[in-house]
Amino acid sequence: MATTETNVDLTSTSAVGTSGLLISLPPLSQEAFDATLSNLALAFPGETVLVATPDAAPQSSSGSPLRLLPYTVTAVSTTPWVPTAADYLNSYKLAQENRATACVLLGAEAQSLHPESIRALAKSTVQCDLTVAHYDLGPREGLVTSAILYPVTRALFSTRPRFPLAIDIGLSIRMAERLATVAQRFTAAGQNDALLWPLNEAATANYTVAEVNIGSRTFAQPISADVNALLAQITASLFADIDAKAAFWQRARGTQPYQPVSFTTPVTEPPDIGPMLDAFRLAYTNLHDIWSLVLPPNSLLGLKKLSLMQPENFRMPDNLWARIVYDFTLAFRLRTINRGHLLGALTPLYLAWVASHLTLISSGTAPEKHIQDLAIAFEADKPYLVSRWRWPDRFNP
Amino acid sequence: MWQQVELALRQSAESVLVKLARFFPGLIALLLAVVVLTAIGAGLAALLRRSLTAARFDERLAHNVIAPISDWSPANSPTALIARVAFWGCFLLGCFIGISAFDAAYPGDSPISTIIIPYLTHSIGAVLLLIAGTVIARFLERSVLISAVNAKLQYARVLSLGVKWLVLVLTAAMVLDHLQIGGAVVELAFGILFGGIVLTLALAVGLGSRDIVSRSLERSASLDPMPGDPDYKSSIPPENLRHF
């Protein structure tokens, strides 16, 4: 099981030890590139740092301690908002060619990262196999991560980091190699945009994991605004990874030690959850037959109650959502119905969870507290998934 | 007169018995070929399943291939897929051998050889068409239903049922045509049905339901966009609600 270190000291000004560190940048505009280089120079004063940048990127001015490495990508990713298989493969090749011992991958909009954050990320990277960024997001941001990615990853792989799909990550060379090996299989099949799950890989390999608080940053948004397609893409990738690593997570026990989380309650205006509730109720009327192929009677009963709730009291119980996600994961594995249909049928349920979450936080509950409670519900229900994974025929909806 | 009747009956009985005597060996050969090849297929499938399981074929494939065969296999197991392919391959081989044996039992100019054997072949094709059509209809029904629900269309169920029955009607027409039942009547009925549907829609939009359709379109246009719609983000500020 991976071990996690958190709360890396951001205020330390001691040398990071960047001799073997490679920082990989995404494609950036001239302005963003200059800003990023300035931040890197502030993050590593007087230290020589290898900075890899796609060859289309502009060059820095002379005299900078940053050593730029323009390179030609061997695998091209068309998904700039999140690191993909192509990015991991390119980074590892660069690290290998330049004999780097660790590399930091910065995501899109890297110019919005503070120098202290970059420094903390680099410092942790040279100490741990995998360093994952922790972001300060608003209560209505990163909802897929909060609803599915974080609780599932934490429950199944016993990892603590809050953002399994963080876009700024640090990799030791062996972690980079492991991810590149996985990425190679995707790129060889022409799937350059496939998502990888570094936390799951690190947990499976028993590598050390750290989480670094980055604070707030600007995020690039997906080019397509179609929630259905994006949710299907991300959940399909996660479910497939869970399926591939079933032998590991069925044995994994326990959780990482509790980390203090700030439960501040931001003042939020009441959200407009009407469209989401309409979508859920319409789906309940029409997709009940499909859901009944996937979900057990208890969950269907819970959904029925949910469909009758008034908007102001709309609240999906955490254990109901955990069961739904687990049952969909299992149905994905068993191919109970076509996988495209399965993931499409998940969208209205996800919107119902979002509506419930927004209602709850508008009533004064701290968003992060709800997410942590949800993660605990997922952990508590893990035996259900393990049991049904091993003996799926014991119960057929 | 009674002697002639008796003679006619005797001749017809002899004729039927002769035909049965010719028919049964062919039928038994057909059944025997199917049963034997099915048994061989079951044995081969069991053998393959055991040997591939012992060789950990699924795990090796999962480690080496990224778009695995398991995508197409039942219960996510390539071993099960290979075993089933072997079984059904043997079964089909048995069918072909049996039909050939059945065919060989008759002289080339006999009615059974010239009519029933080709019809039997057509029947198998019709059954395959029926299965494929039913599967496609169910797939399209669910696809349309889920897409329509996610697009917040109130008439999602009607739309999906419409698509399902269109495909089923098309399949039925193809099957009947393949079986040469109904002849031109089926083609005519099918053409009238499809043409009627298209004409009805055209008239509904163009003439009779013009007001209803225009009101419906206006209502649709004024509805709040769904999270799945391209306009969704523009109606809700990005900093307000971000799924990713």
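## Ala244 of chain A

With 16 C-beta neighbours inside 10 Å, Ala244(A) counts as partly exposed. The classes work as follows: a residue is buried if 20 or more other C-beta atoms lie within 10 Å of its own, exposed if 12 or fewer, and partly exposed in between, with C-beta atoms placed from the backbone. Ala244(A) is in helix α7 (residues 227-244) of chain A. Helices (H or I, at least four residues) and strands (E, at least two) are DSSP runs, numbered from the N terminus. The C-alpha atom of Ala244(A) is 9.7 Å from that of Arg333(A), 89 residues apart along the chain.

This is a predicted model: local features need pLDDT of at least 70, side-chain atom pairs count only at pLDDT 80 or more, and totals for chains, interfaces and linings use all residues. Residues are numbered from 1 along each chain as its sequence is written, while chains are lettered from A and ligands numbered from 1 in the order in which they are written.

## Chain A and its domains

Chain A holds 15 helices and eight strands. Of its 397 residues, 50% are buried. Two residues are in contact if their C-beta atoms, placed from the backbone, lie within 7 Å. Among contacts in chain A between residues at least 6 apart in sequence, 81% link residues at least 24 apart.

Chain A splits into domain 1 (3-225) and domain 2 (274-394); these bounds come from an automatic or database domain assignment. The domain centres, taken over C-alpha atoms, are 32 Å apart. Twelve residues of domain 1 of chain A and 13 residues of domain 2 of chain A make the contact. The domain 1 side has nine nonpolar, one polar and two charged residues. Here Ala, Val, Leu, Ile, Met, Phe, Trp, Tyr, Cys and Pro count as nonpolar, Asp, Glu, Lys and Arg as charged, and the others, Gly among them, as polar.

## Nonpolar cores

A nonpolar core is a set of buried Ala, Val, Leu, Ile, Met, Phe, Trp, Tyr and Cys residues joined through C-beta atoms within 7 Å. The largest has 130 residues, and Ile23(A) and Leu179(A) have the most contacts inside it. Helix α13 (residues 339-362) of chain A gives the largest share, 13 residues. Both domain 1 (3-225) and domain 2 (274-394) of chain A contribute, so this core lies between them.

Beyond its neighbours within four places in sequence, Leu179(A) touches Tyr88(A), Tyr92(A), Leu171(A), Leu196(A), Pro198(A) and Glu201(A). A second, separate core has ten residues, including Leu30(B), Val34(B), Ala86(B) and Phe87(B).

Which residues of α11(A) are buried? They are Ser299(A), Leu303(A) and Leu306(A). Seen down the axis of α11(A), they fall within an arc of 55°, so they line one face of the helix. The arc is that of the directions from the helix axis to the C-beta atoms. These buried residues pack against α9 (274-286), α12 (318-334) and α13 of chain A. The face turned away carries exposed residues, among them Pro297(A), Lys304(A) and Lys305(A).

## Positive phi

Most residues other than glycine have a negative phi. Ser158(A) has a positive phi, near 55°. Ser158(A) sits in the loop between α4 (143-157) and β7 (169-172) of chain A. With 20 C-beta neighbours inside 10 Å, Ser158(A) is buried.

Arg56(B) also has a positive phi, about 55°. Its loop joins α1 (2-54) and α2 (57-64) of chain B. Arg56(B) is exposed, with 12 other C-beta atoms within 10 Å.
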